[in-house]
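Let's take a quick tour of a protein model together. Have a look at the picture first, then work through the notes below.

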Amino acid sequence: MSGTDPVCTASAPGAAHGGPVSIALARVARMHRIAAGRRLKDLGLYPGQEMMMMRLWDCGPVRQSALIQSLGLDASTVTKMLQRMEQCGLVLRRPDPADRRAVLVEATDEGRSLRAGRRGPGGAARARTAPCAGASW
């Protein structure tokens, strides 16, 4: 680097001057995302899956289309999340008896056990060694 090259030594980006609250919020959000990700990993979940589980805990069996709408996510995203969670034993999908074209989704006993912060016998420690806890999707 020559003596005339610009050096970036400012503690905050120039566009952020006059907006320290937005920088603080961005930092807090990032720290929260990291901390929540660690906690979710201990439970065998990945970010985003916790919202799905909370919705299922509150609603019980629900149509997949209603779940997609309530979460505000793309149908393909929810389908892939549900496939992964079903492989891990957290949710069950089955045809809706009222309309066999529709799919009902519900939390399994294993999925409901996450609500209390534990996952089956052995709690979170078991989740860390479960096949889905370390899967790279």
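Start with a meeting of two helices: Gln49, Met52 and Met53 in H2 touch Val78, Met81, Leu82, Arg84 and Met85 in H4. Keep in mind that you're looking at a predicted model.

**H2 against H4**

- Sort the residues of this contact by type and you get six nonpolar, one polar and one charged.
- H2 covers residues 49-59, and its axis comes within 11 Å of the axis of H4.
- The two axes cross at roughly 80°.
- Because angles from 65 to 115 degrees count as roughly perpendicular, H2 is roughly perpendicular to H4.

**H3 against H4**

- H4, which spans residues 75-87, also packs with H3, residues 64-71.
- Here the angle is about 115°, and the axes lie 10 Å apart.
- On the H3 side, the contact is made by Gln64, Leu67 and Ile68.
- As for handedness, H3 and H4 cross in a right-handed way.

**A glycine to find**

- Look for Gly37 in helix H1, the stretch from residue 20 to residue 43.
- Is Gly37 buried or exposed? Its relative accessible area is 19%, and the cut-off for buried is under 20%, so Gly37 counts as buried.
- Now find Pro47, which sits 10 residues from Gly37 along the chain. The C-alpha atoms of Gly37 and Pro47 are 6.0 Å apart.

**The whole chain**

- How many helices and strands does the protein have? Count them up and you'll get six helices and three strands.
- Walk along the sequence and they come in the order α-α-β-α-α-β-β-α-α.
- Of the 137 residues in the protein, 33% are buried.
- The protein exposes about 8,900 Å² of surface, and 57% of that comes from carbon and sulfur atoms.
- Take the contacts between residues at least 6 apart in sequence: 49% of them join residues at least 24 apart.

Conventions: Residues numbered from 1 in each chain as written. Predicted model: local features only at pLDDT ≥ 70, side-chain atom pairs only at ≥ 80, totals over all residues. Heavy atoms only, no water. Axes fitted to C-alpha atoms, helices over the stretch in contact; angles between N-to-C directions. Helix = DSSP H or I, 4+ residues; strand = E, 2+ residues; numbered from the N terminus. Left-handed = near helix turned anticlockwise from the far one by under 90°. Contact = heavy atoms within 4.5 Å. Parallel < 35°, antiparallel > 145°, perpendicular 65-115°, else oblique. Nonpolar A, V, L, I, M, F, W, Y, C, P; charged D, E, K, R; others polar. Buried < 20%, exposed > 50% of the residue type's maximum accessible area, 1.4 Å probe, protein only. Areas by Shrake-Rupley, 256 points an atom, 1.4 Å probe, with all protein chains shown as cover.
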